[in-house]
Amino acid sequence: MTIEDEVPLSESQIAVHWREEGYFSPSPKFIGQANATDPAIVERFAEDRFPGCFAEYAELLTWDSYWHTILDTSNPPFWQWFVGGRLNACYNCVDRHLAADRNKAAFIWVPEPEDEATVVITYQELHRRVNEFAALLREDCGLEPGDRVTFHLPMVPELPVAMLACARLGVIHSEVFGGFSGAACGGRIADSGSRVLVTMDAYHRNGQLVDHKAKADEAVAEAARQGQEVDRVLVFRRYPGRYSSATPMVDGRDAFADDVLARYRGRVVEPVPMPADAPLFLMYTSGTTGRPKGCQHSTGGYLAYVAGTSKYYQDIHPEDTYWCCADIGWITGHSYIVYGPLSLGTTSVLYEGAPTYPDPGRCWRIAERLGVNIFHTAPTTIRMLRKLGPDEPARYDYHFKHMTTVGEPIEPEVWRWYHRVVGKGEAAVVDTWWQTETGGFLGSTLPALQPMKPGSCGPGALGIFPVIYDEEGNTVEAGTGRAGNICIRNPWPGVFQGIWGQPERFVDTYYRKYCRNPQSKDWHDWPYFAGDGAVQADDGYFRILGRVDDVINVAGHRLGTKELESACLTVDEVAEAAAVPVVDEERGRAVEMYVSLKPGRQASTEIENKVSVAIDREIGKIARPKHVWIVSDMPKTRSGKIMRRVIAGISNFADVGDVSTLANPEVVDDIRHRIQRAK
Ligand code: 6R9
């Protein structure tokens with residue numbers, strides 16, 4: 001079966017088109033303390049200062065040896081930043097803070113159960129734990145620089161410890177979001193060629209102690225099916241010494257990480273000075289084909305970029321208590337829970353559980369108790385907190401100076417609640433548009449210098465020059481109200497280095513579309529295609545409309561339509577499947593699955609349930625469809641391609657567009673009646 005739309009499905013077709021909003025300014029108190037208050041910074045990062053301007057970000061780090069070339073463009077679009085430089089990411093996030101701040105909290109970990117004690121991990125303690133784990137990885141697992149290791153860890157301190165231990169050794173880590181299924185994890189293990197998996201027996205989520213170890217066994221089995229053997233599974237225990245899983249440990253393969261670590265007590269491992277372009281980690285994301293993309297991020301460029309953007313956009317100072325309420329298994333957590341904040345030596349809060357458990361006051365209690373003053377989260381969480389506890393924030397005595405949002409467009413209505421109620425009218429709000437591929441922020445506002453505008457992410461970030469192109473590559477001018485594809489005209493240090501093992505896909509997906517001359521070694525000819533629709537207002541601010549490719553963004557998680565559809569096809573009765581996005585009040589977008597059955601099979605709720613279960617198993621609960629519709633047939637082109645665009649139109653009660661090229665236009669009405677009866 002081929003599934004491909006003739007016209008790519010565009011989320012912007014169903015995006016809510018809100019009107020242009022007025023500006024908001026931060027308080028003089030905020031401006032007085034901000035890291036970037038001198039407008040000269042914008043000049044320092046102007047286009048005629050590119051790429052040298054980014055030395056300012058790199059100077060925030062400690063280098064073992066300096067670079068000789070700031071940007072090497074000799075092999076486009078495989079850009080290399082800070083060539084010749086060497087540094088260690090772990091040293092920059094941990095060791096260099098010891099002299100002045102050894103007993104300052106690096107992480108404060110808040111377990112989900114409210115009666116469990118909060119754990120403070122000082123920089124000294126973090127240094128000790130990272131060194132011990134690095135010794136274990138090197139000696140017990142035999143890992144060397146350049147090897148890959150997969151983590152399937154929840155929001156526990158063991159996760160950043162393990163990441164930093166890898167960084168110390170030059171081992172490439174690949175964390176798979178804990179909520180993803182064992183099968184999804186197995187696929188990523190195989191793709192990255194990891195032979196070591198680090199996991200945990202259980203963790204708390206929404207009041208349940210979730211058995212997580214079972215997923216490790218599925219992951220190892222799936223990896224083996226795809227040709228990758230895992231010979232070591234390190235299992236942390238959520239409660240050391242007490243195993244909280246019903247799944248047996250496998251002899252010779254599995255070991256309790258907390259037991260093995262005891263053998264490395266007090267061990268110190270020297271940080272390995274890595275070339276700036278050595279890969280630091282892989283972060284998998286969804287694309288338009290079933291195979292996930294392992295986005296490969298560099299050590300020097302990435303770290304410099306997240307340090308710089310954390311300083312100027314998140315306005316992080318070393319004395320802040322910063323809380324990014326997201327999962328480390330998402331790029332946001334890598335960049336803005338671990339690497340960015342720690343490179344600046346601040347205190348970063350980690351929370352294990354759901355923001356609304358046991359009630360929508362939980363986040364505000366945490367903020368009050370820990371004195372959090374910078375808060376970062378996603379629109380989906382904001383919408384949920386607003387729905388469940390619109391008046392909760394006023395009941396707690398916390399004060400944010402700064403708040404950020406990331407992951408999806410935020411509706412102006414929701415923005416205003418965030419600003420007025422969560423931020424108590426005192427906090428600057430910064431919308432940050434970016435992607436797994438981009439390492440850090442692309443579009444945002446410098447909080448003390450550029451006013452906020454609800455519903456717009458802002459102009460290009462420092463040293464980032466976005467442009468909107470139409471399908472033919474003509475520039476869509478600002479202020480025309482016309483939407484197009486947002487691209488970045490220049491490379492920047494945080495941009496990913498490639499897709500692990502798929503160099504052609506990297507070039508095809510991100511650079512082919514608008515490349516002016518494939519022979520050219522000039523970066524001007526290689527704009528980066530982000531895959532988002534956008535409009536630019538005449539003030540230069542961008543409004544992001546959503547994905548233009550076959551990716552559905554559910555609560556900030558990117559789900560590939562192909563992945564969802566292949567999961568459905570594991571159900572015996574299902575002949576064809578199509579995944580479409582629908583507008584959802586809380587999650588922004590939700591998935592609806594349309595399936596048709598093999599001949600002779602009868603539609604039933606049992607089959608609908610089987611489809612949901614298959615998606616849980618293959619991808620994870622996050623992807624569970626809002627609805628499964630069993631239909632008689634799919635709208636198809638004459639070449640047999642399923643027209644998701646048409647189904648999405650029906651599902652959202654929107655215009656389905658031109659159906660004249662369909663081979664079977666009559667099914668459009670069939671499906672429409674089916675949906676209208678039910679919705
Ligand atoms: C960091 C992250 C990337 C996609 C991106 C876009 C959407 C992210 C946004 C936003 C509007 C924002 N997106 N931030 N849309 N405003 N502030 O989210 O990475 O998971 O790779 O998703 O998310 O569609 O292309 P990732």
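# Questions on a predicted model

Over residues 48-93 of this predicted model, the chain is 20% helix and 22% strand, with its end C-alpha atoms 32 Å apart.

User: Which residue does a cis peptide bond join to proline 358, and where is proline 358 found?
Analyst: The cis bond joins proline 358 to tyrosine 357, with omega at about 0°. As for its place, proline 358 is found in the loop between strand 17 (347-351) and helix 13 (362-370).

User: Is aspartate 315 buried or exposed, and what is its relative accessible area?
Analyst: Aspartate 315 sits in the loop between helix 11 (300-312) and strand 16, and its phi is near 55°, a positive value in a residue other than glycine. Most residues other than glycine have a negative phi. The cut-off for buried is under 20% relative accessible area, so aspartate 315 counts as buried, its value being 0%.

User: What is the phi of lysine 424, and how is its accessibility classed?
Analyst: Lysine 424 lies in the loop between helix 15 (412-422) and strand 20 (428-432), and its phi, near 50°, is positive although the residue is not glycine. Its relative accessibility is 24%, and the class between buried, under 20%, and exposed, over 50%, is partly exposed. Lysine 424 is therefore classed as partly exposed.

User: What is the separation of the C-alpha atoms of alanine 534 and glycine 460?
Analyst: Alanine 534 is found in strand 24 (residues 528-536) and is buried, with a relative accessible area of 0%. Leaving aside neighbours within four places in sequence, the residues in contact with alanine 534 include Ile468, Arg482, Ile486 and Leu545. Glycine 460 is 74 residues from alanine 534 along the chain, and their C-alpha atoms are separated by 13 Å.

User: How far does helix 18 reach from its first C-alpha to its last?
Analyst: Helix 18 (residues 605-618) has 14 residues, for which a span of 20 Å is expected at 1.5 Å a residue. Just after this helix, glycine 620 takes a positive phi of about 140°. The reach of helix 18 is close to the expected span, at 20 Å.

User: Which strands are included in what covers the buried residues of helix 18?
Analyst: The buried residues of helix 18 are Ile607, Val611, Ser612, Ala614, Ile615 and Asp616. Their cover includes helix 17 (561-568) and, among strands, strand 28 (574-584), strand 29 (588-597) and strand 30 (627-630).

User: Which element gives the largest share of the lining of the largest pocket?
Analyst: The largest pocket, with a volume of about 1200 Å³, is lined by 41 residues, and those nearest its centre are Phe177, Arg205, Asn206, His557 and Ile622. Elements that give two or more residues to this lining include strand 9 (202-205), helix 9 (213-225) and helix 18. By class, the lining has 19 nonpolar, twelve polar and ten charged residues. The largest share, three residues, comes from helix 14.

How values were computed
Residues are numbered from 1 along each chain as its sequence is written. This is a predicted model: local features need pLDDT of at least 70, side-chain atom pairs count only at pLDDT 80 or more; totals for chains, interfaces and linings use all residues. Side-chain values use heavy atoms; hydrogens and water are left out. Helices (H or I, at least four residues) and strands (E, at least two) are DSSP runs, numbered from the N terminus. The expected span of a helix is 1.5 Å times one less than its number of residues. Buried means under 20% relative accessible area, exposed over 50%, partly exposed in between (1.4 Å probe, protein chains only). Contact means heavy atoms within 4.5 Å. On a 1 Å grid over the protein atoms alone, a cavity is a set of points where a 1.4 Å probe fits but cannot get out, and a pocket is an open set with protein on both sides within 12 Å along at least five of seven lines; lining residues have an atom within 4 Å of a point. Grid points are joined across faces, edges and corners, and a volume is the space filled by probe spheres set on the points. Ala, Val, Leu, Ile, Met, Phe, Trp, Tyr, Cys and Pro count as nonpolar, Asp, Glu, Lys and Arg as charged, and the others, Gly among them, as polar.
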